[in-house]
Structures are given as C-alpha cells and as structure tokens.
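Take a look at the protein chain below. Then follow this short report from its overall plan down to single residues.

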Amino acid sequence: MFAVVVFFEVKPAHVAEFADAVSANAKASVETEPGCQQFDVCRSSDDPQTFFLYEIYDDRTAFEAHKATEHFAGFDAISAPWVTSKKVLTYDVFAPNATR
C-alpha cells in the first residue's frame, strides 16, 4: 500500500470553498477509483486555515491514476488560487493496522 499526506494552508476568505471542494474530491476518489482505499480530510481545531489529507492507495500507480482523474484536475485547478502553501509527502505502508 501507498500513503499520501498533504498539508494545505488556505487563505481565510476561501476556507469554506476549499473545505467543500476538497471534500468533494475525497468522496469522488473513494467512490470512483478502485485503487483509492481511504481519503480522510482533516482540519486543524486550532487553525481552521490548516488542512491535512491522509490518503491510502493500493500502490504508487493507483496514486498516479488519481492525479490523472477529472475530479482531481478540477479540484487542483479551482483550489490553487485559494492555497498559500501545499506540501505533499508519500510513504510506503509497511505495517498496516499496526495500532489495532
């Protein structure tokens, strides 16, 4: 499995729009992409402009397929002007469900 973590800082005037758009992207990813196993959208309780995404894919190929989808392209294009910073980190999952 392949994990993707994304951190976003969003302009204050666009937090609500961003929240709606990223939620729709996450929902479409899980519902329409067979290789997307999980897509959680989180927002900081201390700073509502800070978002954290946690995504699990079957493998890197599934993540690359995600980036080629229409819903991702639409989200990426519409949200770009709302974002002040974005950091994407990727990981290979080697111990799934280790905490259960």
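From the N terminus on, the elements run β-α-β-β-α-α-β. That gives the protein chain 3 helices and 4 strands. Helices (H or I, at least four residues) and strands (E, at least two) are DSSP runs, numbered from the N terminus. The model is predicted: local features need pLDDT of at least 70, side-chain atom pairs count only at pLDDT 80 or more, and totals for chains, interfaces and linings use all residues. Residues are numbered from 1 along each chain as its sequence is written, and side-chain values use heavy atoms, with hydrogens and water left out.

In what order do the 4 strands lie in the open sheet? The order is 2-3-1-4, with antiparallel pairing. Strand 2 (36-43) and strand 4 (83-92) are the edge strands, and each pairs on one side only. Two strands pair if DSSP finds at least two bridges between them. On average, neighbouring strands of this sheet are turned by 15° against each other, direction ignored.

Two of the pairings can be set side by side.

| Strands | Bridges | Residues opposite each other |
|---|---|---|
| Strand 1 and strand 4 | 9 bridges | Val 10 and Val 83 |
| Strand 2 and strand 3 | 7 bridges | Cys 36 and Tyr 57 |

Strand 1 covers residues 2-10 and runs antiparallel to strand 4. Strand 2 and strand 3 also pair in the antiparallel sense. A hairpin through 6 residues joins strand 2 to strand 3.

## Helices on the sheet

Helix 1 (residues 15-32) packs on the sheet. This helix touches strand 1, strand 2, strand 3 (50-57) and strand 4. Contact means heavy atoms within 4.5 Å. The direction of helix 1 makes about 165° with that of strand 2. Axes are lines fitted to C-alpha atoms, for helices over the stretch in contact, and angles run from 0 to 180 degrees between N-to-C directions.

Helix 2 (residues 60-67) lies across strand 1, strand 2, strand 3 and strand 4. Helix 2 runs at about 125° to strand 3.

## Two buried residues

Ala 28 is found in helix 1. Is Ala 28 buried or exposed? Ala 28 is buried, because its relative accessible area is 17%. Buried means under 20% relative accessible area, exposed over 50%, and partly exposed in between (1.4 Å probe, protein chains only). Set aside the neighbours within four places in sequence, and Ala 28 is in contact with Glu 33 and His 71. His 66 is 38 residues from Ala 28 in sequence, and the two are 10 Å apart in space, C-alpha to C-alpha.

Thr 69 is found in the loop between helix 2 and helix 3 (70-79). Its relative accessible area is 15%, so Thr 69 is buried. The side chain of Thr 69 reaches the backbone nitrogen of Phe 72 at 3.2 Å.

## The whole chain

Buried residues make up 35% of the 100 residues in the protein chain. The C-alpha atoms fill a box of roughly 40 × 30 × 20 Å, taken along the principal axes.

Among contacts between residues at least 6 apart in sequence, 72% join residues at least 24 apart.

Terms used: A polar contact is a pair of N or O atoms within 3.5 Å; within protein, one must be able to donate a hydrogen and the other to accept it, and residues adjacent in sequence count only if both atoms are side-chain atoms.
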